[in-house]
Amino acid sequence: MNAKDDDLPAPADMPPIAGQLDGPAPPPDPALLRAVGGMGAVRTRGRFGAFAAVLAAGLVGPLLLLALRPLRHDLAALSPALLVLDGALWLAACAAALAVALVPARGDVLPSAGRASRVGLWVIGALAVFYLLPTLDTPGASALAPDGAGPLLRSCLRCIGVLLPIAVVSLIAGALVLRRVLPMGARRIGIALGAAGGAMGGLALLFHCPIAGRAHLVLGHVGGVALAALVGALLLPVLLARSAR
Amino acid sequence: MDGEALEASEIMRRYCAGEQAAFHQLYTLLAPRILAYLWGLIGEKPAAEDLLQHTFLKVHEARASYVVGANPIPWIYTIAHRTCLDEMRRRKRSRVRLTRDGTLAAEPAADITGAAADARADAEGELATAAMAALEHLPGNQREALILTKVHGRSHAEAAMITGTTPGAIKLRAHRAYVTLRQLMARPREKKLA
């Protein structure tokens with residue numbers, strides 16, 4: 001038993017059961033022995049391999065978007081420092097969420113599901129706080145956020161429609177690399193993976209969407225990340241369960 | 001990592017390198033406690049023995065996912081946990097449980113450590129029987145937390161990884177399990193004293 005964890009008082013009446021853990025186990029059955037019998041050396045996983053693979057797969061969507069569709073018309077008029085800061089924020093959000101979802105801590109085989117969901121939610125919160133403060137708009141060049149709830153909602157849905165497919169690519173790539181690792185807490189890991197994919201979509205929107213204004217950025221861009229995290233939480237357990245069959 | 005984790009890590013490295021003897025060493029090292037864990041979760045020894053074989057088969061199939069140098073013990077517990085949950089879900093879906101030869105399975109009482117109910121009574125007496133009966137009344141997630149942290153000696157972080165939750169949740173569940181267990185065990189003695 002771990003002394004550091006044993007901070008709860010042990011009930012005096014607890015029977016001495018820990019010793020029974022060393023009881024006999026049946027020998028490996030023939031099917032297991034057959035599988036082991038024909039085995040060879042395998043190439044094991046590195047801690048950062050899955051992270052690199054999903055990041056590379058996830059970047060395909062933003063690159064395609066930027067290559068095939070026009071960049072925002074006010075890009076040249078934007079402050080380069082703010083643009084770099086904004087881009088770095090989205091990239092950091094993506095990297096942080098992806099790392100907790102896929103990179104195990106030193107000495108572990110599996111990523112920590114609890115840490116993944118916590119960091120995933122923190123990332124969404126941090127992005128929301130950032131966009132509630134400044135916005136990347138240049139008077140006269142950036143498009144104004146549409147007036148009225150209906151037009152605002154439509155503009156947000158357009159951006160979410162661009163962001164979500166990018167997030168789903170990361171999510172599917174993440175499910176593919178996680179399917180053999182057999183982690184528990186897929187829902188929690190899905191939150192981080194979805195947030196990472198969403199942040200990748202947000203990074204693409206930074207160069208694509210010309211609409212400035214807090215309401216649009218928080219609802220359409222950060223809200224899209226939150227939605228991607230929700231999709232991740234719902235979709236990853238299903239994808240992992242299917243691939244385990 | 002402690003000595004046992006280092007030993008398991010070295011065995012796992014040789015296993016992934018294709019050494020068959022390393023598989024048998026890993027099995028000898030971990031099968032008894034994985035069996036005890038599965039028995040505690042599912043409550044039947046024959047089912048736990050089947051799940052043990054499934055668990056090691058999954059470990060074998062997933063060995064390429066192992067990160068060399070890492071402690072494989074929590075990972076193998078996680079695979080056992082997942083295998084057991086899958087079986088429990090499958091059982092919930094099926095209306096009748098049959099054994100391999102097609103007969104209805106008997107459901108012997110068992111405890112979290114894997115001791116049979118009849119042997120247990122002889123060995124540990126009335127108190128142990130009361131403790132084990134009380135354990136069976138705990139909700140599943142509290143029982144898991146208690147078994148992993150207090151019986152199998154896993155840290156809160158490891159138990160959280162095995163069950164897919166947070167260390168805080170594990171601590172809370174283990175604490176609640178302890179409190180419930182103590183209350184459940186106190187009742188029969190209070191009755192006797194009265």
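Visitor: What makes helix α7 of chain B count as mostly covered?

Guide: Seven of its eight residues, 156-163, are buried. Buried requires 20 or more other C-beta atoms within 10 Å of the residue's own, placed from the backbone; 12 or fewer is exposed, and anything in between is partly exposed. This is a predicted model: local features need pLDDT of at least 70, side-chain atom pairs need 80 or more, and totals for chains, interfaces and linings use all residues. Residues are numbered from 1 along each chain as written, with chains lettered from A and ligands numbered from 1 in written order.

Visitor: Which residues of α7(B) are buried?

Guide: B:H156, B:E158, B:A159, B:A160, B:M161, B:I162 and B:T163. After α7(B) comes B:G164, with a positive phi near 75°.

Visitor: How much of chain B is buried?

Guide: Of its 194 residues, 46%.

Visitor: What is the span of α2 in chain A set against?

Guide: The expected span is 1.5 Å times one less than the number of residues. Helix α2(A), residues 49-68, has 20 residues and reaches 29 Å from first C-alpha to last, close to the expected 28 Å.

Visitor: Which residues of α2(A) are buried?

Guide: A:A50, A:F51, A:V54, A:G58, A:G61 and A:P62.

Technical notes
Helices (H or I, at least four residues) and strands (E, at least two) are DSSP runs, numbered from the N terminus.
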